[in-house]
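Colleague: I have the sequence and the coordinates open. Can you walk me through a few spots?

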Amino acid sequence: MKSFFKILITSLIFISIALAQGQHTIMTYNMLNFTLGDTATRNPHFRTIFSNLQPDILVCQEMTSQTGVNGFLIRVLNRVSSGYAAGTFINGFDTDNAIYYKSSLFTFLSNTPIQTALRDINEFKLKYNSTGDTLIIYSVHLKANEEDSLLRAAEIDSLRKKTNLLSTNSNFIVVGDFNIYDSYELAFKKLLNQSQSGYFIDPLNLNGDWGLGTFAPYHTQATRTRDIGDGGSTGGLDDRFDMMLMSQAMINSGDITYIPGSYTEYGNDGNHFNDSINQPPNGAVSQQIADALYYASDHLPVYANFNFDAAYVEITSFTALIEGFYNGSIMKPDTITVDLRNAAAPFSLIDQAKIYLNSNGQGSGKFYNAQNGVPYYIAIKHRNAVETWSALPQTFTASALTYDFTTGSSKAYGNNLKLIGTKWCINGGDVNQDGFVTVTDLNLVFTDNVNGITGYISTDLNGDSFTEIEDLNIVFRNNILGIECIQPPGF
């Protein structure tokens with residue numbers, strides 16, 4: 001009974017998100033060498049899947065021909081929900097990428113192949129009809145096999161040469177079958193490398209060897225433990241090959257914005273490590289859908305939801321500096337979360353946006369639930385800094401607002417800032433985000449330092465990707481000083 005209600009709740013959540021105005025779903029799916037000849041055997045299973053899940057954009061890998069692209073459009077997508085169209089298909093080396101979209105929402109603009117030494121990477125461009133905003137989707141199917149990591153890295157080099165030419169506010173994502181085994185692989189590091197503007201962000205921020213059971217909820221390949229005669233992989237779910245990575249602009253609050261928490265490996269309940277997806281019970285989908293996922297492909301589809309610009313107000317100029325990240329001159333860029341809260345107790349959360357702060361601590365963010373003329377407290381959250389509120393509620397006028405925390409301690413509620421050089425900064429050290437800088441935070445940093453943990457982690461308090469003595473010192477000082485979050489009475 002518990003599994004039934006979990007499935008029901010999941011379905012209702014998906015439906016409510018899908019129907020929300022301005023929110024749309026993008027999906028990627030490796031189709032396992034799809035041909036028109038699959039009509040009798042696999043199409044019924046695909047129809048079961050897409051009857052329950054109808055993305056607004058679908059990007060496919062392992063399509064074999066224009067005939068197969070047309071057949072899937074007619075016999076699957078438009079059989080279960082009319083209004084889908086297919087973008088231009090380019091037949092390249094080996095299997096290829098295809099894109100489908102709801103024509104009432106999007107206009108297809110172009111398909112540009114990026115040639116590599118192996119398969120093409122395809123650059124699909126779509127226009128969102130309501131606003132005219134352009135979305136760029138890159139579809140990849142990188143070289144398989146663990147020993148071919150350098151070939152995958154070379155393919156990503158070809159992709160980054162393209163994305164590095166895009167403007168910093170471009171809305172682009174890369175989806176597909178990456179065949180990447182862990183976050184340490186060179187190809188993955190190249191995708192996330194922020195030394196140039198065309199980098200991608202992993203919204204799940206998963207660090208480690210993805211083949212381990214601890215990452216079971218994120219695995220997408222293989223859906224079976226035995227060979228069923230269609231050429232698919234066996235061995236059960238144990239790899240995070242299929243992913244969706246996004247540009248900084250799509251993580252920030254902007255024209256097209258990723259909705260946090262919507263990223264889904266469809267059908268994976270986290271309890272099928274090294275097992276077939278349809279081995280009962282499946283707590284994420286019904287048995288019928290689990291069976292369809294099993295027989296349709298050896299990969300699970302991955303989807304996420306995005307907000308396409310609606311009416312909004314904007315903090316057009318926002319400035320904040322984070323202790324540790326700021327050296328008295330420049331700041332290592334990082335992302336913060338900005339909450340807008342009611343001006344009166346209990347200070348309910350009205351809206352939230354992620355804002356990317358550059359080396360000057362400056363950024364901007366859009367809010368879709370806030371209104372002009374209504375005062376809101378601004379609250380800053382950061383992965384290892386102390387939550388900090390504006391001294392007074394702020395009001396949007398003509399859909400715009402500016403705020404600078406760095407000009408004086410009086411800009412924060414309770415004067416809860418630290419002077420570094422000539423600028424007032426947000427206090428660091430709250431590693432576990434409980435509102436206090438305590439021995440618990442110190443222990444977390446100490447443990448990661450001893451274990452040599454690296455990467456984008458909460459125990460890195462100066463943004464150099466390492467947990468070291470400098471990070472310990474920040475936590476130690478602020479613990480001694482009794483630094484904590486200061487909020488209005490009644491929160």
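Modeller: Start with E62, which is buried, at a relative accessible area of 10%. Keep in mind that this is a predicted model.

Colleague: Where is E62 found?

Modeller: E62 belongs to strand β2, residues 57-63.

Colleague: And what is phi of E62 near?

Modeller: Phi of E62 is near 60°, which is a positive value in a residue other than glycine. N205 also has a positive phi without being glycine, near 50°.

Colleague: Is N205 buried or partly exposed?

Modeller: N205 is partly exposed, and its relative accessible area is 37%. N205 sits in the loop between α5 and β9.

Colleague: You keep mentioning β9. How many of its residues are buried?

Modeller: 5 of the 5 residues of β9 are buried. Both faces are covered: D242, M244 and M246 are on one side, M243 and L245 on the other.

Colleague: Next topic, the largest nonpolar core. Which residues touch the most other members?

Modeller: That core has 52 residues, and I57, I137, Y138, L191, M246 and F306 touch the most other members. Strand β7, residues 134-141, gives the most to the core, with 5 residues.

Colleague: Take L191. What is it in contact with, leaving aside its neighbours within four places in sequence?

Modeller: L191 contacts I156, L159, R160, V174, F178, I180, Y199, F200 and L245.

Colleague: Why would nonpolar side chains be buried together at all?

Modeller: As a general matter, nonpolar side chains in soluble globular proteins tend to be buried together.

Colleague: Helices, then. Which residues of α7 are buried?

Modeller: In α7, residues 287-296, the buried ones are I289, A290, A292, L293, Y294 and A296. These buried residues pack against β1 (23-34) and α2 (43-52).

Colleague: And α8 with α9, at what angle do they pack?

Modeller: About 170°, with the axes 9 Å apart; α8 covers residues 439-450 and α9 covers 469-480. An angle over 145 degrees counts as roughly antiparallel, so α8 and α9 are roughly antiparallel to each other.

Colleague: Which residues make that contact?

Modeller: From α8, V439, D441, L442, V445, F446 and N449; from α9, D471, L472, V475, F476 and N479. The residues of this contact divide into 7 nonpolar, 2 polar and 2 charged.

Colleague: Back to strands. What is the order in the open sheet of 3 strands?

Modeller: The order is β16-β13-β20, with mixed pairing. β16 (362-367) and β20 (400-404) are at the edges and have a single partner strand each, so one side of each is left without a neighbour in the sheet. Neighbouring strands in this sheet are turned by 20° against each other on average, with direction ignored.

Colleague: In which sense do β13 and β16 pair?

Modeller: In the antiparallel sense, over 5 bridges; β13 is residues 313-319. E314 stands opposite K366 of β16.

Colleague: Last one, K127. Is it buried or partly exposed?

Modeller: K127 is partly exposed, at a relative accessible area of 32%. Its place is in strand β6, residues 121-128.

Colleague: What does K127 touch, not counting residues up to four places away in sequence?

Modeller: K127 touches L105, F106, T107, L109, G132 and D133. K127 and S110 are 17 residues apart in sequence, and their C-alpha atoms are 9.9 Å apart in space.

Definitions and conventions:
Residues are numbered from 1 along each chain as its sequence is written. This is a predicted model: local features need pLDDT of at least 70, side-chain atom pairs count only at pLDDT 80 or more; totals for chains, interfaces and linings use all residues. Side-chain values use heavy atoms; hydrogens and water are left out. Two strands pair if DSSP finds at least two bridges between them. Helices (H or I, at least four residues) and strands (E, at least two) are DSSP runs, numbered from the N terminus. Axes are lines fitted to C-alpha atoms, for helices over the stretch in contact, and angles run from 0 to 180 degrees between N-to-C directions. A nonpolar core is a set of buried Ala, Val, Leu, Ile, Met, Phe, Trp, Tyr and Cys residues joined through side-chain atoms within 4.5 Å. Buried means under 20% relative accessible area, exposed over 50%, partly exposed in between (1.4 Å probe, protein chains only). Contact means heavy atoms within 4.5 Å. Angles under 35 degrees count as roughly parallel, over 145 as roughly antiparallel, 65 to 115 as roughly perpendicular and the rest as oblique. Ala, Val, Leu, Ile, Met, Phe, Trp, Tyr, Cys and Pro count as nonpolar, Asp, Glu, Lys and Arg as charged, and the others, Gly among them, as polar.
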